[in-house]
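Trainee: Before we rely on any detail, could we go through this model together, one topic at a time?

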Amino acid sequence: MAQMWITMGPQHPMTHGLWTLRVKVDGETVVDTDAELGYIHRGVEKIAEARDFTQITPYCDRLCYVSAMTWANSYIYAAEDLLEVEVPERAEYIRLISAECQRLASHLMWLGAYGPDIGSLTLMTWCMRDREMFLDLLQELGGSRMHYNYPRVGGVKRDIPVGFADRLIAKIKLFEKRIEEYEMMLDESTIWLVRLQGVGYAKAEDMVNAGVSGPNIRAAGVNYDVRWAHPYSVYDQVDWEPAVEKPTSVKGADCYDRYRVRMEEMRQSCRMILDAIEKIPGGKNTNYASGDAMILAKAPTRAPEGATGFSNYECTRGASQFYIKGGGDGRGKNPYRLSIRSPMFITIPYVAKTMIGYKVADIPAIMGSFDPCIGETDR
Amino acid sequence: MDDKYDLVGFMLSRDGVLRSSLIDLLSGTPLEDSASSISFAVATFALVNVVFLMLFFSQFAILWIERKAVARMQDRYGATTALRSLWVGENGVTAGEWWNMLPFGLGTPIGAVNKWLNKNFGNRDENFPTVDRVNNRSWMGKTILPGFFQNVADGMKFLVKEHMVPQRADRLIFEVSPFLIVSSTLLILGMIPLSSGIYATNPDLSILYAIAIFGIAPIGVFFAGWSSNNKYTLIGGIRSAAQLTAYEIPLLLTLLSVAILSGTFNIVESIHFQHSAGAWNIFLMPLAAALFLITMIAEVERVPFDMPEAEAELVEGWWTEYGGMRFGMLFMAEYIRTYAACFLFTHFFLGGWHLPFQGTIGSIEFLGLGGLYLLIPGAIMTLVKSWLVFLIVFVWARFSLARIRTDQILEFGWRMLLPLAVLQVFLALVYRLYLFKPENMADTVAGGNAWDAFGIPSLVPILTTLFWLAIFVIYLNDEDKSATPERMFHVHTVEPAGTVVPGQE
Amino acid sequence: MGMRITNEQAETAAATLVASVMDRYGGADVVATVEHHSNDFKMPFVRIHVPPQHWIALAKTLRFDLGVNYCSMVTGTHFPEGGDDRGWDVVYHFLRQPVSNQKPHTNTVHVAEKLSGRDVPLEVEVLITLPQTDIPSVPSVQSIWVGADWNEKETWDLVGIKFEGHENMHRVLNPHDSPEGFHPLQKQHKIRYHDFNEMYDDAQGFGRKPTDEGRVK
Amino acid sequence: MAGQDENYAAFNSRALVEMVGDVTDEALKATKIKQFLSVLAGRYFNWAGRKSLFTLHLGIKCCAIEMAAAATPRFDGDRFGVLFRSSPRQSDVLLVNGPITKKFADKVVRLWEQMPEPKYCIAMGECAISGGPYFQSYNILEGVDTVIPVDVYIPGCPPRPEALIDGFGLLREKIIRIGAAPSSGRKGDKPVIVGED
């Protein structure tokens with residue numbers, strides 16, 4: 001059969017968003033690929049130059065619609081680096097708990113979207129069902145289902161409500177059982193194994209050189225994690241360890257490793273949350289008023305000319321980084337230049353090349369296993 | 001044993017009520033000479049229509065079964081669409097008194113009925129209209145057969161959708177292939193008896209005929225995939241052709257073993273054999289039953305063998321370009337094929353219209369309970385059995401399994417199913433030649449006992465079932481949890497990743 | 001229990017990298033210093049000012065001699081009123097990650113407090129200042145870090161920094177039919193470069209409506 | 001690539017099919033049965049059309065996640081016959097759930113034109129209605145209604161799944177007015193906005 005180019009996208013079930021993958025197939029085998037991005041480029045970096053530092057947070061929420069809290073936190077750490085703010089420890093704990101809840105929700109969304117890619121439709125509804133638990137928890141903090149606008153420069157918007165801790169612990173305990181349920185459903189299924197194992201190999205050093213980060217690196221056998229390598233929160237005080245896989249081939253990690261490492265990360269997040277909610281300073285059932293010194297530190301609103309802020313944050317899909325130059329118009333009220341580094345923007349072209357040589361049916365399996373999110377990719 | 005309710009005899013036999021009355025009616029008219037053939041034609045037409053309508057409308061049940069069963073598997077409630085909104089409108093917005101637009105006041109009774117329905121079964125007063133609306137609480141959320149009419153609505157909607165043909169498509173073949181698929185699928189229903197007395201036609205080689213009809217639709221699928229002039233549909237058509245070719249052969253061998261065991265190529269006679277010999281075929285050939293189900297799932301292209309219409313990579317597979325009623329017909333054809341597969345499994349392995357333990361319970365003399373038990377119509381039994389097969393096998397497999405890759409499908413078909421089917425043929429030969437006692441066959445209520453051994457009645461089916469059950473249990477538990485998980489299937493990589501620069505080849 | 005790289009480890013690692021850079025490029029007005037973040041942990045990082053003509057050599061040194069293996073982000077900035085000597089900034093952010101290929105059925109579990117020398121994760125920020133010009137250009141490091149490829153594409157697309165020697169440069173976020181030389185993050189552009197009415201006067205052809213409008217309802 | 005009129009069949013099949021279609025249309029026009037059925041059967045076809053709204057599986061941005069959540073156990077849009085198809089040929093509703101960039105405007109118009117009549121468009125979320133938070137951006141259109149006629153607007157950033165389900169309900173309110181008896185013009189002729197009542 002002759003070789004032909006197939007254009008997958010922008011509207012395609014495989015893409016998990018809006019982008020185009022041009023695939024050159026020889027029969028059922030992929031011989032060449034080409035990625036095309038930019039279908040939802042909103043120009044957030046330009047808009048941010050006309051907003052002050054508090055107004056930028058909602059845009060960072062909307063950068064990645066699956067893990068809004070982590071992206072808002074990532075920006076907030078950069079802004080605190082720029083404005084030289086010391087954050088109270090209780091606020092750090094609350095940020096950690098909220099970010100890990102968001103990580104659970106995001107990984108559940110990934111697993112739910114990965115099920116239809118492989119063909120199991122029930123997995124999607126189950127994962128979304130469990131995701132609702134954590135959306136409710138985050139809703140108690142931020143007041144919205146998806147975009148919370150919760151962290152502030154110097155702390156968080158409001159304290160955890162009374163009784164939040166009990167609900168959190170109960171739901172985490174329930175969810176730890178649900179993880180075993182999913183593993184029983186998937187790891188015991190031979191079809192799931194033969195679809196994921198031996199597909200989409202990626203070596204660790206190649207991925208690092210190409211800019212891939214996060215769980216995809218840890219799936220290749222190294223426990224490199226921004227949370228301990230470039231520490232930014234109280235992750236050194238709570239009980240956890242980075243999830244890491246043992247790839248079974250010299251060719252690196254395959255889709256099954258990436259699936260396993262995300263399941264393991266969900267376990268670690270549960271462990272982290274259960275430990276942090278006990279260690280939180282000021283007590284887990286006390287509720288400080290908004291703006292209290294325990295949860296919100298005084299922060300300047302103007303950045304000096306020439307000051308820069310940088311944050312390196314372990315987002316759910318990899319290392320998300322913000323670089324802010326202070327001293328813009330309005331005498332420093334808003335950034336002169338806000339630069340966003342999205343992990344998926346660099347990962348997607350690499351993944352497109354990773355598919356070469358596999359079958360057409362493996363394209364969604366490989367693409368989905370890297371967890372693409374186009375909102376952060378196009379900014 | 002024949003079913004009590006003999007529609008065929010009622011309509012077609014020369015002294016049956018219908019034909020005799022027709023002949024009496026025509027006597028004395030110029031048509032008297034040909035009265036016999038005319039009555040035969042009329043009776044055949046009536047019979048075929050009755051059987052076809054029974055089969056066709058009973059398939060709305062499996063659509064409903066699938067929809068609600070899937071909802072339960074996914075912790076949802078499922079479709080709740082009912083006919084109520086015909087008279088209560090949508091959220092209180094109605095279409096006005098549309099019946100007054102009918103000419104000559106024909107709509108007046110419709111208006112009266114509508115008023116009565118609204119008075120008795122209308123919406124209750126709602127305190128929070130939006131909340132009740134979104135949570136589907138109007139009329140306390142109670143509906144008749146919730147969701148049953150959803151499929152009716154889908155079908156009727158497709159009727160009025162615009163018909164589009166892609167500009168570059170080969171228009172003739174694009175238009176013809178759905179009709180090829182649908183017509184060949186409907187022909188299968190002609191071969192399927194609902195009971196010994198209710199069938200459209202019953203040729204001697206009906207098994208071969210049904211399977212031959214099954215083999216026609218793939219051609220239409222490939223035509224549809226090619227003529228749409230779309231790369232997704234083309235790949236889907238090619239996948240479908242390869243897959244169906246690979247799975248036809250094990251299917252035919254399985255049915256050959258059934259025919260060998262029951263000594264006939266006729267569906268009705270094979271069902272009679274299962275009762276007369278005293279055991280259903282599934283207890284004699286569990287392997288054949290499993291092979292038949294697997295190959296049939298592949299034949300009707302459902303998960304896990306739905307590569308031709310894989311939503312993930314091929315948008316909707318080979319019917320991506322079909323919209324409107326063409327898509328509705330293809331959708332219906334797929335379900336008719338599935339339904340026919342359920343019927344064939346019921347007839348070949350589950351004893352067709354025979355009741356469970358018909359011989360034992362049917363021969364109870366106490367208070368005539370056996371007679372009462374035998375009064376259950378065989379057609380109902382056939383429908384219930386095939387619905388259960390659909391629910392337990394097809395729906396459950398579709399929504400709990402994932403999708404296999406094309407090369408794995410073909411590898412599975414050629415390397416595992418084909419040898420097993422050959423083995424099953426030999427097993428059937430051995431059973432028929434050495435373990436089968438023809439002299440013990442009896443076509444009575446109690447049934448025969450042709451499968452006894454050493455004087456123990458029906459020892460052969462018991463031992464066979466236990467043997468295969470043991471093998472199944474061992475296969476389930478033999479995996480070594482502690483061993484390092486070795487990768488099972490490796491994909492051959494033609495070029496290492498990243499070595500090809502796009503645009504330069 | 002959680003772990004983290006301590007400040008002492010990071011300080012020593014940064015100091016060694018700064019020393020090795022300085023004794024090699026000290027003469028060529030390359031300035032490498034150890035800076036500190038100003039949020040909670042005050043973690044140190046390395047900031048290197050390099051003129052564009054020495055950038056490729058320094059990049060090769062960083063990548064192959066000093067083990068800086070991860071190019072995370074490229075930021076271009078436009079300073080219209082920055083004066084003649086500082087019209088544009090190009091900031092590369094690099095990370096040093098202790099990641100290596102694994103043998104089958106094995107993995108590497110680092111313990112942060114025990115890491116030392118080349119294995120300590122480090123953050124390097126390379127600052128290239130360009131004079132005031134219409135076509136700012138720096139040499140491309142696409143061939144040294146694969147990760148720099150699409151970052152540089154994006155920087156050219158949005159800011160208009162020209163990367164010499166970058167193969168297959170094309171627009172990645174803006175539409176391919178964007179006007180030549182339109183780079184939205186340059187300061188002379190408003191957030192919306194088209195006027196409000198232009199959209200409906202069909203300037204870019206986006207005012208077009210499907211032909212079946214009105215038949216639908 | 002085959003030309004527009006080039007054809008692989010032995011004779012010009014297009015002419016044949018069109019001729020047959022014209023004959024059928026003439027035969028239908030000749031009789032008056034069409035007018036009678038259009039009233040009587042029209043109401044039942046209208047019921048079918050509004051009860052099964054197949055939505056195009058198009059996920060643009062944040063609201064796509066809520067669109068997916070509307071099909072999951074807690075909200076379950078399937079109760080109201082809302083299914084998601086991946087092919088525009090088989091879908092009735094184009095659910096625009098995100099900002100329309102200049103790069104995507106042509107594509108979304110093409111998707112709209114690939115859908116068969118009758119078809120409806122729902123603008124979900126601020127971005128699809130007006131550009132929302134990105135209203136000022138250099139790459140965003142002010143709402144999808146600059147390129148596509150919209151039936152129902154669902155405000156929110158993002159709207160909750162309940163709002164989406166209610167938006168489908170309001171779309172059904174709009175459809176039931178099609179071919180309805182002339183009466184006091186209730187809402188349904190103008191674009192519907194969720195939460196208006």
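Trainee: How many of the eleven residues of helix 11 of chain B are buried?
Mentor: In this predicted model, helix 11 of chain B, residues 217-227, is mostly covered. What covers its buried residues includes helix 9 (171-191), helix 10 (206-214) and helix 12 (231-262) of chain B. The buried set takes in A217(B), P218(B), G220(B), V221(B), F222(B), F223(B), A224(B), G225(B), W226(B) and S227(B), and the number buried is ten.

Trainee: Which residue just after helix 11 of chain B takes a positive phi?
Mentor: The helix itself spans residues 217-227 of chain B. Just after it comes a residue with a phi of about 55°, and that residue is N229(B).

Trainee: How many residues of helix 8 of chain B are buried?
Mentor: Helix 8 of chain B covers residues 148-159 and is mostly covered. Its buried residues are F148(B), F149(B), Q150(B), N151(B), A153(B), D154(B), M156(B), K157(B) and F158(B). Out of twelve residues, the number buried is nine.

Trainee: Are helix 4 and helix 5 of chain A roughly parallel or roughly antiparallel?
Mentor: The axes of helix 4 (residues 89-118) and helix 5 (residues 121-142) of chain A come within 8 Å and cross at roughly 160°. Because angles over 145 degrees count as roughly antiparallel, helix 4 of chain A is, relative to helix 5 of chain A, roughly antiparallel.

Trainee: What is the handedness of the crossing of helix 4 of chain A with helix 5 of chain A, and how many residues of their contact are nonpolar?
Mentor: Helix 4 of chain A passes helix 5 of chain A in a left-handed crossing. Among the residues making the contact are L104(A), L108(A) and L111(A) of helix 4 of chain A, together with M124(A), F134(A) and L138(A) of helix 5 of chain A. Four residues of this contact are polar and two are charged, while the number of nonpolar residues is 18.

Trainee: Which element of chain A gives the most to the side that touches chain C?
Mentor: The contact takes 57 residues from chain A and 48 residues from chain C. Elements giving two or more residues to the chain A side include helix 1 (44-48), helix 3 (68-83), helix 8 (204-210) and helix 12 (343-354) of chain A. The residues of that side divide into 27 nonpolar, 14 polar and 16 charged, and the element that gives the most, with five residues, is helix 8 of chain A.

Trainee: What share of the residues in chain C is buried?
Mentor: Chain C has four helices and seven strands, which follow the pattern α-β-β-α-β-β-β-β-α-β-α along the sequence. Among its contacts between residues at least 6 apart in sequence, 62% join residues at least 24 apart. Of the 217 residues in chain C, the buried share is 40%.

Trainee: Is D151(D) buried or exposed?
Mentor: D151(D) lies in the loop between helix 5 (126-130) and strand 5 (152-154) of chain D. Since 20 or more C-beta neighbours within 10 Å are required and D151(D) has 23 of them, D151(D) counts as buried.

Trainee: Where in chain D is the pLDDT below 50?
Mentor: Chain D averages a pLDDT of 81, with 83% of the residues scoring at least 70. Where pLDDT is low, the predicted coordinates should not be read in detail. The stretch below 50 has ten contacts in the model beyond near neighbours in sequence, and it spans residues 187-191 of chain D.

Terms used:
Residues numbered from 1 in each chain as written. Chains lettered and ligands numbered in written order. Predicted model: local features only at pLDDT ≥ 70, side-chain atom pairs only at ≥ 80, totals over all residues. Contact = placed C-beta atoms within 7 Å. Nonpolar A, V, L, I, M, F, W, Y, C, P; charged D, E, K, R; others polar. pLDDT = per-residue confidence, 0-100. Axes fitted to C-alpha atoms, helices over the stretch in contact; angles between N-to-C directions. Parallel < 35°, antiparallel > 145°, perpendicular 65-115°, else oblique. Left-handed = near helix turned anticlockwise from the far one by under 90°.
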